[in-house]
Amino acid sequence: MLQQTRVAQGTSYYLSFEKHFPTIFDLANASEEKVLKLWQGLGYYSRARNLHFTAKHIVNNLNGEFPNTYKELVKLKGVGDYTASAIASISFNEQQAVVDGNVYRVLARYYGVDLPINSTEGIKYFKKLATEVMHTSNIRDYNQGIMEFGALQCSPKKPNCNTCPLSSSCVALEKNLVSTLPIKLKKTKIKKRNFNYLVVVDAVGNTMLQQRKGKGIWQNLYEFPLLEDEVNETNIKELYAKVLPKVEVKSFTLYNKDAIVHKLSHQHLYTHFWILHTNAILEDGIAFSELKKYPVPVLIADYIKTL
C-alpha cells in the first residue's frame with residue numbers, strides 16, 4: 001500500500017484490510033472483486049492484484065509462512081528491491097540498504113552525484129553507494145532514519161540547509177547544486193484520451209456496468225460502457241452504437257458540459273458522462289442503488305456519489 005502512497009493516505013485502507021483479512025489465509029481466500037473494492041480510491045490497482053496473488057502464493061506454496069530474507073522476498077510478485085530491502089532490514093534485521101526517493105535525494109546531494117536516479121546506471125550506482133555507507137550495527141534505525149531525514153530535512157524543495165547537521169560536508173551545498181540534484185530523466189510524454197461514459201437508464205430505471213479487461217489501466221474494475229472518441233451532441237447518436245449495438249436509445253443527455261480531467265501518471269482522461277434512456281429492459285440491469293457494491297475507478301465512484 002505504501003508504494004507510491006503516503007502513510008496518511010494509506011492508513012485507513014490498511015486498517016480496513018486488517019479488519020476484513022485478519023490473516024493471510026483470509027486474504028488468499030477472498031475474491032479479487034472484494035480485494036479491489038476495498039482498495040478502491042487508493043489507485044495503482046496492480047498493487048492490489050499483486051497483493052492478492054502473493055497472498056495466495058504464500059498460502060498455497062509456502063505453507064502460509066511469509067519469507068524472511070531479501071533473496072526470497074524479492075521473488076514475490078509486486079515486491080521490488082526497495083520493498084524487499086525495507087522488509088528484510090526493518091522486520092528481520094538483515095543487512096540491506098533501502099533506496100527510495102528520499103534516500104536518492106540525500107545521497108545525490110551529500111555526495112554530489114549527477115547520475116540520473118531513474119537510469120539503469122544510476123539505480124545500480126546508488127544501490128551500491130547506499131550499501132557502502134549504511135550503518136550495519138543498527139540497520140533498522142539507520143534505514144528508517146535516512147528515509148525520514150530525506151523527507152523532513154533534505155526535502156525536495158527549499159530544504160533548510162542552515163539547520164542541517166551534514167551541511168559542513170555536503171557537496172551539493174558547497175557547489176550550489178541543492179536545487180538541481182537529484183537528476184531525473186524526463187518523464188514519458190503525457191497522453192490525452194477522450195473518455196465518454198454511456199450511462200444507460202432502461203424502462204425500469206436500471207443501468208449497466210462492464211468489466212475492464214486486458215492490461216491497460218483499471219484492469220478488472222467496473223465502469224459504465226466506454227466510448228473513447230471525440231464525441232458531441234450530434235455524433236453521439238451514431239457513435240454510441242459502437243459500444244451498445246443492441247440498445248435502442250430514445251434520448252441522449254450530456255451530464256457535464258466541461259470535461260472532468262482525471263490525471264494519471266502518464267495520461268490525462270478528458271471525461272464526459274452521457275445519460276442514455278431506452279424503452280427496453282436491460283437483460284443484466286443493475287439498480288443504481290447497487291452500484292456501490294462494485295469495485296470501480298475513483299472517477300466512476302465520484303460520479304456515482306452524485307446520483
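Tutor: By class, the residues that line the largest pocket divide into 22 nonpolar, 11 polar and six charged. That lining is made up of 39 residues, and the space in the pocket comes to about 1500 Å³. The model is a predicted one, and every value here is computed from it. Nearest the centre of the pocket lie Met1, Leu2, Tyr14, Thr83 and Ile87.

Helix 7 gives the most, with four residues. The class count for this second lining is 10 nonpolar, 10 polar and six charged.

Asp81 and Lys127 form a salt bridge, with N and O 3.1 Å apart. Asp81 belongs to helix 6 (residues 81-92) and Lys127 to helix 8 (residues 120-133), so this pair links distant parts of the chain, 46 residues apart. Asp81 is partly exposed, at 30% relative accessibility, while Lys127 has a relative accessible area of 18% and is buried, because the cut-off for buried is under 20%.In the whole structure, a search finds eight salt bridges. Another of them joins the side chains of Arg193 and Glu228, at 2.8 Å from N to O. Arg193 lies in strand 1 and Glu228 in strand 5 (residues 226-228), so the pair ties together parts that are 35 residues apart in sequence. Arg193 is buried, with a relative accessible area of 14%, whereas Glu228 is partly exposed at 41%.

A further salt bridge stays within one helix. Lys305 pairs with Asp302, and their closest N and O atoms are 3.8 Å apart. Both residues sit in helix 12 (residues 298-305), and because they are three residues apart, about one helical turn separates them. Lys305 counts as exposed at 66% relative accessibility, and Asp302 is partly exposed at 39%.

The backbone has a few places to look at as well. Most residues other than glycine have a negative phi, and most peptide bonds are trans. Lys158 has a positive phi, near 50°, and is not a glycine. Its place is the loop between helix 9 (139-152) and helix 10. Lys158 is exposed, with a relative accessible area of 82%.

Trp218 is another non-glycine residue with a positive phi, about 60°. This residue is found in the loop between strand 3 (210-211) and strand 4 (222-223). Trp218 counts as buried, at 7% relative accessibility.

The peptide bond between Leu181 and Pro182 is cis, with omega about 0°. Pro182 lies in the loop that runs between helix 10 (171-174) and strand 1 (191-201).

Domain 1 takes in 98-127 + 142-186, and domain 2 takes in 191-306. Their C-alpha centres lie 44 Å apart.

How values were computed. Residues numbered from 1 in each chain as written. Predicted model: local features only at pLDDT ≥ 70, side-chain atom pairs only at ≥ 80, totals over all residues. Heavy atoms only, no water. Helix = DSSP H or I, 4+ residues; strand = E, 2+ residues; numbered from the N terminus. Buried < 20%, exposed > 50% of the residue type's maximum accessible area, 1.4 Å probe, protein only. Salt bridge = Lys/Arg side-chain N within 4 Å of Asp/Glu carboxyl O. 1 Å grid on protein atoms, 1.4 Å probe; cavity = no way out; pocket = protein on both sides within 12 Å on 5 of 7 lines; lining within 4 Å. Points joined across faces, edges and corners; volume = space filled by probe spheres on them. Nonpolar A, V, L, I, M, F, W, Y, C, P; charged D, E, K, R; others polar. Domains from an automatic or database assignment.
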